[in-house]
Amino acid sequence: MSYDFLQQKFLGNSIEAYCWFFGIIAAGLLLRKLISVFVAWCLYKLIKKYTLQVSLKEFQDLLTRPFRISIMLFALLIASHRLVFPPEWNLVPVDKPGLRMVLDILFDSALILSLTWILLRLIDFTGLILMQRARQTETKMDDQFVPYIKSSLKIVILLLCFFSVLANAFHVNVVALVGGLGIGGLALALAGKETVENLFGSVTIFLDKPFIVGDQVKVGNIEGVVESIGLRSTRIRTMDKSLLTMPNKKMIDAELENVSLKIMWRARFHIGLTYDTGMEQMKKVTADIFNFLQEHAMIQNEPIVRFTEFGNSSLDILIMYNVLTSEVDKFVKIKEEVNYKIMEIVSNNNCRFAFPSTSVYVENSKVLKENN
């Protein structure tokens, strides 16, 4: 009786076939996590000696989800062979436009996309390993090279995925399609003009090396530290810690200053003393400031300290010196140290800093009145 019950048909398929279909789907749902973790573990063991400090958890986090999707798609493929479309639906063959063709295209596309996802995650994992190796070297060139290669490989994989979907899901002759692009290809190139310019910009950055990852650069009014260089854009962490994405074309077209390559920073400013400062006091103040700057270990020899102008409300002293450092933080710290010392020197010489002021002189006049 039970066998006869399983052979009863509903919508052109037996109850046994439905049981197999839903059983396979249920098994896929229950086992997908276990299988994906196991497959990721096996792959990790095969490449473990190349992984350096990249952990198994990082590898599993990257691959477990795309593996689950692929496992469910394969389970659906196996389960679908247990069912057939009801004959009364009179569906057209899969090679003609209709429901079967749509389902076939959707499934093939989903399967190719899931496999592409796995490949992209493998590229990400390989990038993690290479970045770990790059951090162990003294040069920063490989830190810049790894993201560039990773992005290039991803573009290649995505293009292969696109053409695979056309060839397998839509049954398009890819070779004939590529060969027949002609004017369409030219139009596409013109539409992607900005992208192509940014791509050439990245090549220029990579070959000329005006900056590398980790350098502090200034482009126009933007200043920050280069965090990554991609095929299309460069990411800069600005001074206020915001992340700015700059197209590579602008990075090579605009005036770019690599602040990290500076061997020194220049300070140039004036201080003003009040007009009641005597000549000997002025000479002593300028001499003391000059001697301090001359003896400072981080300041280049021959600083300039000169009494230059009679200002509107002050006697102006020009101070110029170069700090031998490429780090802006160290420069600012030394400049602060110099400023405190200038305040001390001015105070020790009984002088005062001037501030904008106006003197008003009133002349008393005697008014004579004549009495007639």
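**Exercise 1.** In this predicted model, find which residue of S6 is the bridge partner of Ile 236.

Solution.
- Step 1. The bridge partner of Ile 236 in S6 is Leu 244.
- Step 2. Strand S5 covers residues 233-238 and strand S6 covers residues 243-247; the two pair over five bridges, in the antiparallel sense.
- Step 3. Four residues lie between the strands of this hairpin, and Lys 241 takes a positive phi near 70°.

**Exercise 2.** Determine what span the 17 residues of helix H10 should have, and compare it with the distance between the end C-alpha atoms.

Solution.
- Step 1. Helix H10 runs over residues 279-295.
- Step 2. The expected span is 1.5 Å times one less than the number of residues.
- Step 3. For H10 this gives 24 Å; the end C-alpha atoms are 24 Å apart, which agrees.

**Exercise 3.** Work out which residues of H10 are buried, and what covers them.

Solution.
- Step 1. Buried means under 20% relative accessible area. In H10, Met 282, Val 285, Thr 286, Ile 289, Phe 292 and Leu 293 are buried.
- Step 2. These residues cover an arc of only 130° around the axis, so they are on the same side of H10.
- Step 3. An α-helix has 3.6 residues a turn, so residues three or four places apart point the same way.
- Step 4. The face turned away from the buried side of H10 carries the exposed residues Met 279, Glu 280 and Glu 295.
- Step 5. The cover over the buried residues of H10 includes strands S8 (265-273), S9 (304-310) and S10 (315-323), and helix H11 (328-348).

Note on methods. Residues are numbered from 1 along each chain as its sequence is written. This is a predicted model: local features need pLDDT of at least 70, side-chain atom pairs count only at pLDDT 80 or more; totals for chains, interfaces and linings use all residues. Side-chain values use heavy atoms; hydrogens and water are left out. Buried means under 20% relative accessible area, exposed over 50%, partly exposed in between (1.4 Å probe, protein chains only). The arc is that of the directions from the helix axis to the C-beta atoms. Contact means heavy atoms within 4.5 Å. Two strands pair if DSSP finds at least two bridges between them.
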